Amino acid sequence: MTRRQIAFYTAFLAVLGAGWGFTQPMTKIAVSTGYQHFGLVFWQMVIGAVFMTVINTFRRKRLPIRRPYLWLYLLLALIGTIIPNTAGYQAAVWLPSGVLSLLLSIVPMFAFPIALAMGLDRFSIRRMGGLAFGLAGVLVLVVPGSDLSGSLPAFWIFVALIAGLCYALEGNIVAKWGILDLDAFQVLQGASVTGALIILPVAIATGQFIDPAPPLDAAQMALLASSVVHVLVYSGYMWLVGRAGAVFAVQVSYLVTGFGLIWAKIILSEAYAPTLWIALAMMFAGLYLVQPRPKAALAQVDPISDTDS
């Protein structure tokens with residue numbers, strides 16, 4: 001790449017990180033008025049489905065609905081949105097937005113041992129050290145006696161980590177078995193439509209369905225903003241992967257966490273104990289060590305799910 005291209009792609013990467021980081025305080029606002037996870041997940045998937053349908057219509061890309069494609073949509077809907085976002089929305093009730101952003105950086109560290117188990121990667125002392133740093137960062141947040149442990153319930157931190165585990169698993173599954181002959185935008189559309197159809201009866205049966213009748217309240221507006229921003233940012237991320245390469249694009253992991261903390265400070269006026277910054281330094285060190293070499297596959301370290309909010 002030329003210097004001008006590097007500068008442009010770097011600036012574009014920063015915009016993506018800022019956008020994804022912005023979705024974290026929006027998630028916190030979305031759960032602030034009592035709305036529960038199944039209702040929020042349903043509308044998140046509906047908004048994503050509508051936007052991706054519009055995008056694919058302009059691209060003249062049809063959505064296949066034969067059995068192999070339906071199984072793919074179902075799998076990615078479950079591990080890409082329904083399970084991780086159900087956990088994430090519940091954890092957001094109890095954890096600060098900045099901590100949720102911090103925990104997102106654990107995704108590449110989860111991805112490495114899963115890739116080893118699936119035969120997609122080889123053992124590396126360097127990357128295993130990165131995994132150790134990341135896990136140490138999590139322990140700093142929950143170990144008794146730390147500045148944060150008294151105010152952060154360890155149970156909900158581990159619930160929040162379910163999302164990262166799902167995203168890491170999703171990336172490795174895609175790396176091993178692929179997405180048939182679809183592109184990322186078609187997969188996102190199919191998974192969003194499938195997920196919405198699955199979660200609607202669950203939301204109704206559990207009494208968690210959210211009536212979107214106007215005027216929209218702050219929580220509904222936050223969910224709408226988060227879903228729209230995610231669709232735009234993810235589309236930009238896939239474009240950047242094609243232009244600048246996977247190893248360059250995956251550096252967005254740092255920016256999502258950093259911007260998530262900044263947005264939480266600006267929007268929610270969150271303040272953190274010194275221990276959080278120690279955990280942040282450990283996780284960033286782990287993220288640096290666990291990053292792939294230039295020829296490694298993107299899906300092994302995909303920092304953000306293709307159906308995540």
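**Core, helices and loops**

The largest nonpolar core of this predicted model has 83 residues, and those with the most contacts inside it are L95, L103, L141 and I157.

Q: Which helix gives the most to this core?
A: The core in question is the one of 83 residues. With 11 residues, the element that gives the most to it is the helix of residues 67-94, α3.

Q: With which residues is L103 in contact, leaving aside neighbours within four places in sequence?
A: L103 is among the residues with the most contacts inside the core. Two of its partners, L141 and I157, are also on that list.

Q: How many helices and how many strands does the chain have?
A: From the N terminus on, the elements run α-α-α-α-α-α-α-α-α-α-α-α. The count is 12 helices and 0 strands.

Q: What percentage of the residues in the chain is buried?
A: A residue is buried if its relative accessible area is under 20%. The chain has 309 residues, and the buried part of them is 54%.

Q: Which residue caps the N-terminal end of α8?
A: At that end, a side-chain oxygen lies 3.1 Å from the backbone nitrogen of F185. After the helix comes G207, whose phi is positive, near 70 degrees. The capping residue is D183.

Q: How far apart in space are G39 and T206, C-alpha to C-alpha?
A: G39 is found in helix α2, residues 37-58. Its relative accessible area is 1%, so G39 is buried. Leaving aside neighbours within four places, G39 is in contact with A203, Q208 and I210. G39 and T206 are 167 residues apart in sequence, and their distance in space is 9.2 Å.

Q: Why does Q220 count as buried?
A: Q220 is found in helix α9, residues 218-244. Not counting residues up to four places away, Q220 touches Y35, I210, D211, P212 and P215. Q220 counts as buried because its relative accessibility is 11%.

Q: What is the omega of the peptide bond from P214 to P215?
A: P215 lies in the loop between α8 and α9. Most peptide bonds are trans. The bond from P214 to P215 is cis, with omega near 0 degrees.

Q: Is R60 buried or exposed?
A: The loop between α2 and α3 holds R60. Its phi is positive, near 60 degrees, in a residue other than glycine. The relative accessible area of R60 is 77%, so R60 is exposed.

Q: What is the phi of S269?
A: S269 lies in the loop between α11 and α12. With a relative accessible area of 58%, S269 is exposed. Most residues other than glycine have a negative phi. S269 has a positive value, near 55 degrees.

Definitions and conventions. Residues are numbered from 1 along each chain as its sequence is written. This is a predicted model: local features need pLDDT of at least 70, side-chain atom pairs count only at pLDDT 80 or more; totals for chains, interfaces and linings use all residues. Side-chain values use heavy atoms; hydrogens and water are left out. A nonpolar core is a set of buried Ala, Val, Leu, Ile, Met, Phe, Trp, Tyr and Cys residues joined through side-chain atoms within 4.5 Å. Buried means under 20% relative accessible area, exposed over 50%, partly exposed in between (1.4 Å probe, protein chains only). Helices (H or I, at least four residues) and strands (E, at least two) are DSSP runs, numbered from the N terminus. Contact means heavy atoms within 4.5 Å. A polar contact is a pair of N or O atoms within 3.5 Å; within protein, one must be able to donate a hydrogen and the other to accept it, and residues adjacent in sequence count only if both atoms are side-chain atoms.
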